Amino acid sequence: MNSQLKWKFIFIVLVILFCIFGVVGMPSFPTSRAQLKDNLADRIKLGLDLKGGSHLVLQVQVDEAIGQRCDQTVDQLNKQLHEKNIIVGEIRRSSDTQILVLNVDPATSAAFRDLITNQFPDWSMAPAAGQVNGYQLDMKPSVVAALRHDTMDQSLETITRRINALGLTEPTIAFTGRGDNEILVQLPGEGDPTRAKSVIQAGGQLALNRVADDQPYPSEAAALASHGGVLPPGTEIVPGRSEGNSPGQPGQQVYYVLDRAPIVTGQDLRSATTSPSTNYPGQYQVDFKLSTAAAARFGPFTEANVGRRMAIVLDHKVYTAPTINSKIEDSGLIEGNFSQETAQDLALVLRAGALPASIKYLEERTVGPSLGADSIREGVRASIGSLIVVMIFLVIYYRLSGVNAVVALILNLVILVAFMAYAGAVLTLPGIAGVILTIGMGVDSNVLVFERIREELRNGKANASAVELGFDRAFLTIIDTHVTTIVSAIFLFLFGTGPVRGFAVTLVIGLLANVFTSIYVSRAIFDYHLSHMERQAQLSI
Amino acid sequence: MEFFKGVNVDWMGKAKYFVALSLTLLAIGWISILRAHGLRYGIDFTGGTLVYVRFAGPPPIDQIRKGLENAGLHDSSIQGITDISNAGTQNDVVIGLEKKGMEENDESLDAGKQAILDVLHKMFGSDTAGKQDFNSITPSALTAYLTEKDPLSLGVNAGDRYKQLAQQLTNTRDADHGGIVTSFDQLKNAGATQSVLNALSAGFSLGNFTIRDVEIVGPKVGAQLRRQALWATLYALGGMLVYIAIRFEWVYGAAAVIAVFHDVLITLGFFSLFHYEISLTVIAALLTLVGYSMNDTIVIFDRVRENLRLMRRETLPVIVNRSINQTLSRTILTSGLTFLTVLVLFIMGGEVLRAFSFAMVVGVVVGTYSSFGIAAPIVVVWNKYRGQGASIRAGSAADKRVAAEARR
């Protein structure tokens, strides 16, 4: 064997060793069959359709956040106009990004315009269409875009914190990249995503407000009526929870009149934990502690309002409205018919922070673990079946050269699996189909070469030259055929979702490895065989 | 052993038979699509809810249907699934809700699924006396229960040990028993001692069903996926057209693309005939067989190009015939082997991949004969129509290399 061939074989052996280590695991080389299975399972990442798990696509309602910013601006504008004594007829929000200010007193309109230009730089001002003395304020597109971006980022972070706090294995939380404010959440191993879904979707906005009227009202109309039809300034009507505070007690929808500005919000929390409820045995409660800065506000507030009621508002619903019995510095509790799990989930959500906008689910797929196990079993069975069929055929049809092709095929699969293990590529059920296709289509390369060799031998060429011609002539065709399939697979990858991407990845890697094995490795084996053959002997092909 | 020594078939002469075959298949398929069965789109494209349920024994489908109706789910469908790779057991059922009108209303995405689960629990669950259903419990909930009851008397810090045990128990349930355990004794193999089994039977009942799979796709996502699938296909076809136009002449590219189109259309016809559903994985199969059919066509065109240089005095139909005959061995072998592998996949690969492998099985056969039956004749007819002799653009580096080798 000449030295060039020797180096070829050394290279090939190194590749094989590298791959075997990649597949069975370097740190702890397996010593038993069970450990081999474990190592294999560890090294190869399984997709949700093989492992079981949940796949959720949710959409952040970004427009809510934008609308909220608009509302806040209306409030600020009201205050500022009042302070500066600028008289206007009406201020109202006309869309998520537009505010209409109508009937501006012409005497103060210059001051109004100055105010907008100086104090509200995020808004562009223009005369309102068809309105004398009216202006329309539009949120600048760059501001809208920045707000969208920030809302998405904050939502992603908050959801990530919440899911991590649930302690699930290796979740995936990311933007889908499909545009339109979507986030993808994958929870491997979670056969029932119900709890995760409610934790993700929970608004999580906590606020403590002083109750303006001590008694709740049975309806909004009643609340308004008791104030002569107009709420006192700085207050708002907030519904209570419609469930009762103990199991079996039917809830009545009540309405509270609260001070609009909260004393303390969820951002002031230092911690949130759960404990069995002191007032309602059998239930649980959420205990929270405030930060020092918030405590500095809360202490004086409670001291000044002993005997009044304080509403604990969660996601714009009053959970409880206990009476302040004495000064409270920095702690509080939330009750509301919580089981241990729902209390823990609420504490988790409070710790992780509130979502800036609400969430809508767009897609939910849950593969149960039994289906995953079945899929693996059937996929592996089909792979082995097709491998055996192909191997038998190759050996029968091409005799010893068939063995060459089989070796190349097996090496092809080993490289494929090893590459996926090293790259952390995910194996899905269509991915297993991709492996089977690699077997079927990969054999094509060998067939192309062997048929060419047979042809050249028929034309009277000598063994060595027939082999050389076979490989050379077939090379371009092999490249051509692989390129077209790889092009398909690339587009599949770009446009496909999880399982389909797994298919594209396996197919591409398999075909690339196939080029290596069918050309480089097969050729090396042929060369070795030829160098040990007698000149006149017939090539077994 | 060699199958195809010295073959000499007049393929171009026989082209009309292939075209006739194609037209027949196309007609049958598309009559089925347009007039009879239509094309079934999977939930990926239509949106909706699908719940796959496995029962301990053959399920009473009519009863379930009535139960769903009574719960107000009027647009529900329920179908039994026969698993042909598992000796035809019929314990599986798929319940679907169409939800076409679920545009932007406030109903949450999984309202349909919850409704279906409620019906199933009422009819088949056994939440007897506050016991949970072992067949639907998750490993984490099982860990919590075992840690609380502590049947192995391990004390307070046994969390990890019970986590492992819970995982083993659920794995046995799922992998060995298809998700439904009918008696706790079946868990003996999972390392459950008698005390563990006692604790389990004290706290759990054994429900008659388990949820295998849930798919809920909102209508907006469905429209998005449809668009994506279409774009992927168009881009792939475009990319290949460009590639072939560069490697050969544009008429070869056009012929190849027409042949591939023809393959996809016939495959879709077969989908309609045999009631298979078009899902995202089926689109993947279609794109793959587009690539595969191109392969086949390219191999023949490659040989045609080589022979054009070697056989300068022959007419194009003769050259094309010779090229096909020379590559016939390889074509039949590769298609045969690929066909065998996807056939194995179709038979042994399980329900989930059934439609995918069906597309591949049909596609491989059609894609193979379309190369010499459709693509090659198009090139020949085009050249005859133009009145030219055999001509091909000589210029790419690859062509020069082939020419140089031919002179060697």
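Reader: Let's start with His275(B): buried or exposed?

Author: This is a predicted model, so the values are computed from it. His275(B) counts as exposed, because it has 11 C-beta neighbours inside 10 Å, and the limit for exposed is 12 or fewer.

Reader: Where does His275(B) lie in chain B?

Author: His275(B) is in a loop of chain B, between α9 (250–273) and β8 (277–278).

Reader: And what's the phi of His275(B) like?

Author: Positive, near 65°, in a residue other than glycine.

Reader: OK, over to His316(A). What does its phi look like?

Author: His316(A) isn't a glycine either, and its phi is positive, about 65°. You'll find His316(A) in the loop that runs between β15 (310–314) and β16 (317–320) of chain A.

Reader: Is His316(A) buried or exposed, and why?

Author: His316(A) is exposed, because 11 other C-beta atoms lie within 10 Å.

Reader: Back to chain B, then. Which element holds Ala144(B)?

Author: Helix α5 of chain B, residues 139–149. Ala144(B) has 17 C-beta neighbours inside 10 Å, so it counts as partly exposed.

Reader: How far is Ala144(B) from Ala284(B)?

Author: In sequence they're 140 residues apart, and in space 42 Å, going C-alpha to C-alpha.

Reader: Now helices. At what angle do α1(B) and α9(B) pack?

Author: About 45°, with the axes of α1 (residues 11–34) and α9(B) 8 Å apart. The crossing of α1(B) past α9(B) is left-handed.

Reader: Which residues make the contact?

Author: On the α1(B) side there are Ser22(B), Leu25(B), Leu26(B), Ile28(B), Gly29(B), Trp30(B), Ser32(B) and Ile33(B). From α9(B) come His262(B), Leu265(B), Ile266(B), Leu268(B), Gly269(B), Phe270(B), Ser272(B) and Leu273(B).

Reader: How many nonpolar, polar and charged residues does the contact of α1(B) with α9(B) have?

Author: That contact has 10 nonpolar and 6 polar residues, and no charged ones.

Reader: Switching topic: how many residues of chain A are in contact with chain B?

Author: 61 residues of chain A, and they meet 64 residues of chain B. On the chain A side, the elements that give two or more residues are β18 (359–367), α11 (369–423), α12 (429–458), α13 (463–495) and α14 (498–531).

Reader: Which of those gives the largest share?

Author: α11(A), with 17 residues. Sorted by class, the side of chain A that touches chain B has 32 nonpolar, 16 polar and 13 charged residues.

Reader: What domains does the assignment give for chain A?

Author: Domain 1 (3–52 + 368–531), domain 2 (63–142) and domain 3 (202–365). The centres of domain 1 and domain 3 of chain A, taken over C-alpha atoms, are 62 Å apart.

Reader: And what about chain B?

Author: Chain B is assigned domain 1 (11–42 + 218–407), domain 2 (48–125 + 209–216) and domain 3 (136–207).

Reader: How many residues of domain 2 of chain B are in contact with domain 3 of chain B?

Author: 8 residues of domain 2, against 6 residues of domain 3. Strand β7 (residues 209–217) of chain B gives the largest share of the domain 2 side, 4 residues. By class, that side divides into 4 nonpolar, 2 polar and 2 charged.

How values were computed
Residues numbered from 1 in each chain as written. Chains lettered and ligands numbered in written order. Predicted model: local features only at pLDDT ≥ 70, side-chain atom pairs only at ≥ 80, totals over all residues. Buried ≥ 20, exposed ≤ 12 C-beta atoms within 10 Å, placed from the backbone. Axes fitted to C-alpha atoms, helices over the stretch in contact; angles between N-to-C directions. Left-handed = near helix turned anticlockwise from the far one by under 90°. Contact = placed C-beta atoms within 7 Å. Nonpolar A, V, L, I, M, F, W, Y, C, P; charged D, E, K, R; others polar. Domains from an automatic or database assignment.
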